Amino acid sequence: MSSRRAFLSAAALGAATLAAAPLAARAQTAPGDVLPTQGRRRSAALPTNPASSGRYRPRARVGLGGAPLGNNWAVVTEDDAQATLEAAWDGGMRLFDTSPWYGLGRSERRFGHVLGQKPRAEYVISSKVGRLLTATKETPKVGWKDPPPFDYRYDYSAAGTRRSIEDSLQRLGIDAIDIVLIHDLSPDNGDMKERWTEYFEQARTGAFVELTKMREEGLIKAWGMGVNTPDPALRAIEVADPDLFLLACQYSLLDHQRALDDTFPKLAAKDISVIVGSPLLAGFLTGRDRYLYGSQPVPADAQQRRAKAEEIVRAHGVDLRTVALQFANAPEVVSAIVPGARNARQVQENIASMSVAIPGGVWDDLRRAGIVAANAPVPAAG
């Protein structure tokens, strides 16, 4: 595999010729497409968190999200899955987020195939609980492409939590999971909708208690929730003692005001950090016409704001993905971002984005255009 320096240099070749091209001409319009990285590079390693005596935070601030390797939106071949994970490792990523739900176990097996060959002490892995998988001859209708023959059922009890972690360890082929997240216990989950509060009560007396015990026993380093809406996370901090939350599609370049004004301050007050999931809005910020995991049509104003943001960043010689990733990584309460990727080139470009020196004028112009909130933290100007 190429070294980080080699693939960053390769990604830079030809970038200048693309600087004037509109987003539509070079967007990720199909699975596997790549939006090339633009802008002046710094010789910098991926960002990390300083050592802390407070709540657990992963050392790495940039990781790999595992939904695409569960065949989200399109099938990923085994060769591409392995190349994606190897490229992440070669590029310096040491944080990996997956779930039993991603491809009904497929993502975990793929992660384990590669990470099981890496030094265990050198990386952090996050997985999730809340759904138990069982073999079946009739695979349920799910969004994952070419799913394996497994059914699922929800279980947020203490016993179900232990069982889920044990099953994940077998799929991953490792001896411990570092971060455990209670998954999709949220009103946007179509299986739950308004009944999410019933599942929350099961988790309050089950998963919350069991994961706290496992943390105290040293079996895991941290726990929290992985959800797409803020209400479950805010309710959890009232009744339990979580360490961090993976909040997906809640803090992005185009949608961040509620997080800044409400969610983030309440979590920061308890020293709870945030892993930003889907910082590119499920590909929307790289040109895909898909918003919030495709759960609703793309709002017209989102398309307009994306087009304006692209116009602004292009005028400064940088690309929208780079700006969006660095924006999501900027708040102090954020401990990591975990963009997904389905091939080696995509993960290489995500890594390259973190080394771009973004001109300060980008943020000034985005604020004037009303895209970036006045109180939003931004990276230091390059």
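In this predicted model, Cys249 counts as buried because its relative accessibility is 6%, below the 20% limit for that class. The residue sits in the loop that links β8 and α10.

Helix α9 spans residues 230-239. Its buried residues are Pro230, Pro232, Ala233, Leu234, Ala236 and Ile237. An α-helix has 3.6 residues a turn, so residues three or four places apart point the same way.

The largest nonpolar core holds 102 residues. Within this core, Phe96, Ile182, Leu253 and Leu366 have the most contacts. A second, separate core has 12 residues, among them Leu95, Leu244, Ile275 and Val338. The surroundings of Phe96 can be listed in detail. Residues up to four places away in sequence are not counted. Beyond these, Phe96 touches Leu64, Leu85, Ala88, Trp89, Phe111, Leu115, Tyr123, Val124, Ile125 and Ser126.

Empty space was examined next. Rolling a probe the size of a water molecule over the atoms shows where such space is left. A search of the whole structure finds one cavity of 30 Å³ or more. The largest cavity contains about 40 Å³ of space. Its lining consists of Ser99, Pro100, Trp101, Lys128, Val129, Gly130, Arg131 and His183. By class, three of these residues are nonpolar, three are polar and two are charged.

The second largest pocket has a volume of about 230 Å³. It is lined by 13 residues. Asn49, Pro50, Ser52, Arg55 and Arg57 are the lining residues closest to the centre of this pocket. The lining of the second largest pocket comprises six nonpolar, two polar and five charged residues.

Conventions:
Residues numbered from 1 in each chain as written. Predicted model: local features only at pLDDT ≥ 70, side-chain atom pairs only at ≥ 80, totals over all residues. Heavy atoms only, no water. Buried < 20%, exposed > 50% of the residue type's maximum accessible area, 1.4 Å probe, protein only. Helix = DSSP H or I, 4+ residues; strand = E, 2+ residues; numbered from the N terminus. Core = buried A, V, L, I, M, F, W, Y, C linked by side-chain atoms within 4.5 Å. Contact = heavy atoms within 4.5 Å. 1 Å grid on protein atoms, 1.4 Å probe; cavity = no way out; pocket = protein on both sides within 12 Å on 5 of 7 lines; lining within 4 Å. Points joined across faces, edges and corners; volume = space filled by probe spheres on them. Nonpolar A, V, L, I, M, F, W, Y, C, P; charged D, E, K, R; others polar.
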